[in-house]
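Q: Hi! Could you walk me through the charged pairs in this one?

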Amino acid sequence: MQLGPVPDVGPLPVPVLAVQVARPAVGNGHYVVVGVAIHHAVADGLSVWRFMKAWSAVSRAGWQAASGLESPTFDRTAIRYPGAEEAARKILHAIALALPVARSPSLSTPPDQSRRSFLLRDDEIQFVKQQILAQSEAIGEQLDTHPSTFVAVSSLLWTSIVRAKSLDPAVDAYYLVPVDLRRRLVPPVDERYFGNCVAPCFARAAVRDLRDDGAGLAFAAAAWTAGSRLPTERFTRTGSSHRFMAYETDFGWGAPSRVELMSVFVRELVLLLGAEDGGVQVTGALDHAQMEGFAANLLQVSGQRNKACMAAHMDAN
């Protein structure tokens, strides 16, 4: 956390961007850490990583690199969303009670929570997709499409968290994902729009179904429907996206060896980032009592995948 900048907040107006460049004590001075903080009021995740792509391209190749990038658009009038004004008022009331003083963002993990990062390789994700298809067929659940990387990873994370928590099997669990609305609104919003254009999407499934070893992934994959009045203890939030290719942010020194999202803005949060070779980086912030169970469930996929490959190899012989 010391390697990231803390925005100077106070009475409005306040800065919306802070950058800190540091050489950490480890690594004999051979590492450089670029820490960036951007206020969510001005940009969603897609906008942030497009900004990072443009900034790193100019840093790497000079201003001529800008000619090969799409110019952003800031025309907010293109976004027509029913109830947008009321939603904005509710959000403002919830997070900005002290206006005109801005709230300092929460960057550190609460003391009663653990934070760990994992890498799901492409072959492991493909294995999860195969498991979803096989389980769906076994329980007679027909999926409309082949499971996407998003569905596969989210289903794995959701079942792993639910299995790690002490929940009543008879109740429902919920999973929240921020969804980019640029292509989903009518008419669609320009893909180049720089700002916020996201809305929450909820999935709901029975705890007993998500804990089912033989069908949990299938139930999770089929559960992407709207929900409301979500009980906090049964509510898992996801931030960021596997589509954000953070490891392509090259300032001229090569690809970064490690990218971490610092903000932990709610309890029980899972953050995603795109990794190399089709992988997905998963960072979980969970209660200490739940982290070990979550990690064990998540890492079990690697063992199952390796076991399946070994069995296939034996069959071939």
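A: Happy to. Let's start with arginine 116, which counts as partly exposed at 32% relative accessibility; here buried means under 20% relative accessible area, exposed over 50%, and partly exposed in between, with a 1.4 Å probe and protein chains only.

Q: Good. Before we go on, what kind of model is this, and how are residues numbered?

A: This is a predicted model, where local features need pLDDT of at least 70, side-chain atom pairs count only at pLDDT 80 or more, and totals for chains, interfaces and linings use all residues. Residues are numbered from 1 along each chain as its sequence is written, and side-chain values use heavy atoms, with hydrogens and water left out.

Q: Thanks! Which residue forms a salt bridge with arginine 116?

A: Glutamate 292 does, and the closest N and O atoms are 3.9 Å apart. A salt bridge here is a side-chain nitrogen of Lys or Arg within 4 Å of a carboxyl oxygen of Asp or Glu.

Q: How many salt bridges does the structure hold?

A: There are 13 salt bridges. One of them links arginine 115 to glutamate 260, with 3.3 Å between the closest N and O atoms. Arginine 115 lies in strand S3 (residues 113-120) and glutamate 260 in the loop between strand S6 (235-241) and strand S7 (269-274), so parts 145 residues apart in sequence are tied together.

Q: How accessible are arginine 115 and glutamate 260?

A: Arginine 115 is partly exposed, with a relative accessible area of 26%, and glutamate 260 is partly exposed too, with 28%.

Q: What about arginine 121, what does that pair with?

A: Arginine 121 forms a salt bridge with glutamate 124, the closest N and O atoms being 3.3 Å apart. Arginine 121 is partly exposed at 36% relative accessibility, whereas glutamate 124 is buried at 5%.

Q: New topic: where does threonine 73 lie?

A: Threonine 73 is in the loop between helix H1 (45-61) and helix H2 (84-95), and counts as buried at 17% relative accessibility.

Q: What is threonine 73 in contact with?

A: Leaving aside neighbours within four places in sequence, threonine 73 is in contact with Asp190, Arg192, Tyr193 and Phe194, where contact means heavy atoms within 4.5 Å.

Notes. Helix = DSSP H or I, 4+ residues; strand = E, 2+ residues; numbered from the N terminus.
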